[in-house]
Amino acid sequence: MSVALIAFGQEGPAHLLANYLRSQHIEARVETDGEGTFTVTLARQEDVEKARIITEAFIADPGNEKYQQAAWQQGEGVRLSKRSARGSTQWLENARRAPFTALMFAACLIIYVLSVFGLFGTIAQHLMMQPLPVLLENHQWWRLIGPALIHFSILHIVFNLLWWSVLGAQVERTLGVSMLLILFVVSAVISNIAQSFFSAPVGGYLLPFGGLSGVVYALMGFVWWLGWLKPNWGLSLNRSIVGFMLVWLVLGYADILWVNMANAAHTAGLITGCAMAALLSIGADRRSA
């Protein structure tokens, strides 16, 4: 019995993806309902997890030449138009399907660009974390989330926004914008508070830390555990990605990397994401009992 992987409104992208999947030794084909919907289906259930990872990469960059090369190797010359591959239409469609993911992506990018052009001090003054006793006095609670929006280098923001785009969009498309919003707020607050205990106060502020990495680790834990606890919900994460992120976490504690790592934020985020997945799963089981 075939397994539906993803549906497209155009024939070209569906065939490009199916061709590339076959080049990766995953048996796939395109089926159409005759009404303009083209569905990529898999022949084997055991290929679903690998195929989903490939599909996410394809959606992020459908114009990549490797997909066209696979099409020629499979004997099919299928090419996406520039408009569908890289144009504003594709970007707007992705933003429509995952609006909160797109909003936070844009917010982090704008703040980083403003920081590069000399406004980091002003931004930090309004968003950076303060010691909890100070927050209890001034009630500037947005600072519990603010550090998640600040990044300190191009490598820092690229790494975080890449994983935010992939994992955040997957959660938002599958479980809705409300679930991603809750996950973002809860994990940002908990990871920033956790990191605050390991950052020295200087002039009413804490030594600078920031970035979406605490939230990213929460997303990873959330998708990882829900893929294990509720595989029929459609969330999944390749084991190699989980392994990479866990190794990166351990390396941060080993203090052998060339960058300063917010280890407490990463760990707290991971635990938060796993816990929220477990609670969601338990709640679903109780409602269905």
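1. A cavity, on a 1 Å grid over the protein atoms alone, is a set of points where a 1.4 Å probe fits but cannot get out, and its lining residues have an atom within 4 Å of a point. Grid points are joined across faces, edges and corners, and a volume is the space filled by probe spheres set on the points. A search of the whole structure finds 1 cavity of 30 Å³ or more.

2. This is a predicted model, in which local features need pLDDT of at least 70 and side-chain atom pairs count only at pLDDT 80 or more, while totals for chains, interfaces and linings use all residues. Residues are numbered from 1 along each chain as its sequence is written, and side-chain values use heavy atoms, with hydrogens and water left out.

3. The largest cavity has a volume of about 70 Å³. It is lined by 13 residues, and the closest to its centre are Ser191, Asn192, Gly211, Gly214 and Ala265. The lining has 7 nonpolar, 6 polar and no charged residues. Here Ala, Val, Leu, Ile, Met, Phe, Trp, Tyr, Cys and Pro count as nonpolar, Asp, Glu, Lys and Arg as charged, and the others, Gly among them, as polar.

4. Helix 9 (177–196) and helix 10 (213–229) each supply at least two residues of that lining. Helices (H or I, at least four residues) and strands (E, at least two) are DSSP runs, numbered from the N terminus.

5. Helix 9 also packs against helix 12 (residues 263–288), at an angle of about 145 degrees and with the axes 8 Å apart. Axes are lines fitted to C-alpha atoms, for helices over the stretch in contact, and angles run from 0 to 180 degrees between N-to-C directions. Among the residues that meet are Ser191 of helix 9 and Ala265 of helix 12; contact means heavy atoms within 4.5 Å. The residues of this contact divide into 11 nonpolar, 7 polar and no charged.

6. Elsewhere, 3 strands form an open antiparallel sheet in the order 1-3-2; two strands pair if DSSP finds at least two bridges between them. Strand 1 (3–8) and strand 2 (28–32) each have a single partner strand, so one side of each is left without a neighbour in the sheet. The twist averages 30 degrees from one strand to the next.

7. Strand 2 and strand 3 (residues 38–42) pair over 5 bridges, and Ala28 has Leu42 as its bridge partner. Helix 1 (residues 11–23) packs on the sheet and touches strand 1, strand 2 and strand 3. Helix 2 (residues 48–60) packs on the sheet too, touching strand 1 and strand 3.

Key. On a 1 Å grid over the protein atoms alone, a cavity is a set of points where a 1.4 Å probe fits but cannot get out, and a pocket is an open set with protein on both sides within 12 Å along at least five of seven lines; lining residues have an atom within 4 Å of a point.
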